Amino acid sequence: MKKYRKLWVGLIIAAVCLVVLGVVILVDQQSRQSSIKLTVPEAEAVVGEAVRSLPLKVANGSVSVADQVKVTVHEVTYGQEKDIILQCTYETVDILSVYQREKQAIFTGVYGYYLERSQAGTMVSATHILAWMGQEMADLVAEAPALSGEITLTLYDTGGDAPELWLDDDTVNTLLGGLLTVRNDVNATETLTWEGEQISIKNNNSLRRGISDCFGLNNYSSDQPDASTPLMRAWHSFANDFYRNFIEERRWTYLTKGLATTLAITGLALLLGVVIGFVTAIIRTTHDKEGKLSFLNWLGTLYVTIIRGTPVMIQLLIIYFVLLLPIGIEKFPAAVLCFGLNSGAYVSEIIRGGIMAVDNGQMEAGRSLGFGYVPTMIHIVLPQAFKAVLPSLCNEFIALLKETSVAFYIGVADLTQGGLKIRSITYSNFLPLIAIAAIYLVLVLILTRLVSLLEKRLRRSER
Amino acid sequence: MDARTEAKAPGDRQPVIQVKNLEKHYNDGAIHALDGVSLEIDKGEVVVIIGPSGSGKSTLLRSLNLLETPTAGQILVDGVDITNKHVDINLHRQKMGMVFQHFNLFPHMTVLRNMTLAPMKLRKKSKEEAEAMAMELLAKVGLESRAGDYPSQLSGGQKQRVAIVRALCMEPEVMLFDEPTSALDPEMVGEVLDVMKDLARAGMTMVCVTHEMGFAREVGTRVVFMDGGRILEEGTPADIFTNPQSDRLKAFLAKVL
C-alpha cells in the first residue's frame, strides 16, 4: 500500500480540485438565474416603459411611432441565464410599406422644395428640410395600415431593482413597423431621381442631414445590458485574451518554435559544457594529486574564476558582440558557445568535487594492483565520481535550461523571446509572461522528476 | 613453521626485497618518518613489523611498492632498484599484492569484478580464465557465494578477505599487509587472520604491519620493531617477545601484551 501512497495523495488532490471547481460552477450558475419573478401585468408595464423610451421620433417629434405600439404579454417564462422570456402580441403601423410606396414622391418633393427656395435666393438649412418632410411624413404615418403579430421579448435581470428589456435591432424594427429598414435605406441611397436624372445628395450637407434626421433614429443603439457575473466576465476576458495571444494567427508557434530553440541551445551547451568541464576537472585534479600540468591548471583555474565571477548575460554579450559578431558567426552558435563555456566552468567544479570526494584509498588500491594513473582514473575513480555527481550534473542542466532565457538579449528566438514577441504584438502582459513561466516550470518539474528517479536507481545499485 | 625453517637453510638465501638506508622526510625535512632503514626480506619469509603509532612502520611498508616516494635510499626488488625513475613501477607493483587497513574494495563493482579487473586488464587474461581463478580463490576463503555481491553488502571481515584474494589474483611474489585487522570489529579479526595464516603456510612471502602480537608470534618468521623511523630490534618472534633487548621494546611489549 505504501508503494501507492503518492498515487493516493495525487488522486485526493485531484478530487478536491474537482469538488472546488464544481462548487464554483454551481455558485456561478445560481448567480446567473434571475431572482425576480414577474406577473403578466408587471411584465407588460416594463415592456411599455421600454418601448416608450425608445428615441424613435419620426420627423422631429411631429409623429412618434412608439406611441402607436401596443404590446400584450400572454406568457412569462424563465431562461437559463438571467432571462425572463415574454410571449407577446404587438400592434403597430406599417411604416415600411408607406415609405416604399411614397419614397420617390417624398424625395422628389423635398428636392423640388429645395430648388425652389434656393433659386429664390433663400438659404435652405437642414431644419427647413426637416420641417417640410416632417409634415409629409406625419400625413403618411397617419394613413399607414395597422400591423400586428406575435413576438418573443427578453427581459434581463441586471441585478438592479427592475429587470431591463433588451431589444435587439430586429425586435425594434418589427415593433416600429420597419422603421430601421427605412433608416438604413435612406442612409444607404440618399440619391433621388429628378426629371429622369439620378442626383446624388451626398455632398449637399443640409439636404442630406434634413432627410436623414427625418427618420429620427440616428441616436438609437441597441446594446445588450450586461447581465454577466464577474466570473463570466473574467472567463470571457480570459478566453478572449487566450485567443488573441495564442490562437489568432497561430501565435502559439512563437512559443513552440522558441521552446525547440531553447531545448536545442540547452542540449548542445550541456554537451559542450560536459566536455569542457570534464577536461578542466581532469587537468585540475591531476595537478592537485600528482603536481603535474601546472600551466594547464593555471589556465583552467583562470577560466573557472572568470566564468564563475561574471554574470552570464555579460558573458553572452561579450562573446557575441565583441568576439563572434565581428567574424560573422551567427547568434545561435554564439549562444551555444556561451552557455557551453558557462556551464563548463560549473560542471568542472562539480566533477572536480566528485573526483576529490572519491577516497584516496581507491587510487592507492588501483595503483597497488599495478594500474597506472590514467587506467586507475578510468576504471576506478571516474566511474565512482560520475555516479556521485550525476544528480548534481542534472541539476546543473536544469539551471542551464533556465539560464538560457537571457539568450534573447542577442536576439536568439528562444522560448523567452517567443513569449515576448507575442507580448509585443498583443500588448498584453499577463498571458504571454505566464505562459513562458509555465512552460519553463513544466520542463523543470519533468526534469526534476527524472533526476529523482535517476537518484533512486543509483542508490539501489549501491546496495 | 617447520617447513619454513627448512626452506631457510643457510646458503639458500635469496632476498626478494632489499631496503638500503631508506629515508622519508615530510615538511621539507622537518619530520623524518623513516630515518635510515635497512631491511632484507627473503623468499618465503613472513616479516611482521610492529611498533607504536607514528614509528614509521606503515611508511616503510607503503614505500616497498612506492605508494610513498622515499626521500633517499634504495629499494631493490629482485635486484632492481625501483626508486630509479626509469623503472616501470606499475610492472613491479603487479608482483606485490597490497592489503589496506580500510580494504579499499571498488564499491561500484561486484566482488568478482573487483578480483578480475586487474588480471584481465593488466595480465590480459580472458574473462573465463580470470573468473575461474577468482572463484577458486573465493572458495578458499569461503566466499564463493558472494561473488555477485557488491562490497557494501559484505561485512568488514568479508571485505578484507575479498581484498586479500583480489591481490592474490595477480599472483604476486610478495604480499604487503598494512594493518589489515585494525578497522575490523573484534569478532571478525579471526577470520582474516586465518586467511593470512593459510597464506603464510602456503609459503607466500609476506610483510605485515600489525598490532596482532599473537599472529606475529605464531606465524612470523621474523619480527621487526620500529620506533622513531628506525628499526630498533629484529629477530625471531621468540627473541623479540621473550627476550627483548631495548628499553623501548620492553615498554612497548608491556603495553600491548
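Helices (H or I, at least four residues) and strands (E, at least two) are taken here as DSSP runs, numbered from the N terminus. The model is predicted: local features need pLDDT of at least 70, side-chain atom pairs count only at pLDDT 80 or more, and totals for chains, interfaces and linings use all residues. Residues are numbered from 1 along each chain as its sequence is written, chains are lettered from A and ligands numbered from 1 in the order in which they are written, and side-chain values use heavy atoms, with hydrogens and water left out.

**Chain A and its surface patch**

Chain A contains 16 helices and eight strands. Of its 463 residues, 41% count as buried, where buried means under 20% relative accessible area, exposed over 50%, and partly exposed in between (1.4 Å probe, protein chains only).

A nonpolar patch on the surface comprises A:L7, A:W8, A:L11, A:I12, A:V16, A:V20, A:V24 and A:L231, with about 740 Å² of accessible area together. Such patches are made of residues with over 30% relative accessible area and no salt bridge; like charges are joined within 9 Å, and nonpolar side chains (Val, Leu, Ile, Met, Phe, Trp, Tyr) within 5 Å. Areas come from the Shrake-Rupley method with a 1.4 Å probe, and for residues only the protein chains shown count as cover. Helix α1 (residues 5-31) of chain A gives the most to the patch, with seven residues.

**Nonpolar core**

A nonpolar core is a set of buried Ala, Val, Leu, Ile, Met, Phe, Trp, Tyr and Cys residues joined through side-chain atoms within 4.5 Å. The largest has 54 residues, of which A:V47, A:V71, A:L86, A:L153 and A:I211 touch the most other members. Helix α3 (residues 95-119) of chain A gives the most to this core, with nine residues. In α2(A), A:V47 is among the buried residues, as are A:A43 and A:V51.

**Salt bridges**

The structure holds 22 salt bridges over all chains, each being a side-chain nitrogen of Lys or Arg within 4 Å of a carboxyl oxygen of Asp or Glu. Three are listed below.

| Pair | N to O distance |
|---|---|
| A:R308 and A:E349 | 3.8 Å |
| A:E364 and B:R62 | 2.4 Å |
| B:R201 and B:E218 | 3.6 Å |

The pair B:R201 and B:E218 links helix α7 (residues 186-201) and helix α8 (residues 213-219) of chain B. B:R201 counts as exposed at 59% relative accessibility, whereas B:E218 counts as partly exposed at 38%. In chain A, salt bridges that share partners join A:R284, A:D288, A:R308, A:E349 and A:R352 into one network. Both A:E364 and B:R62 are buried.
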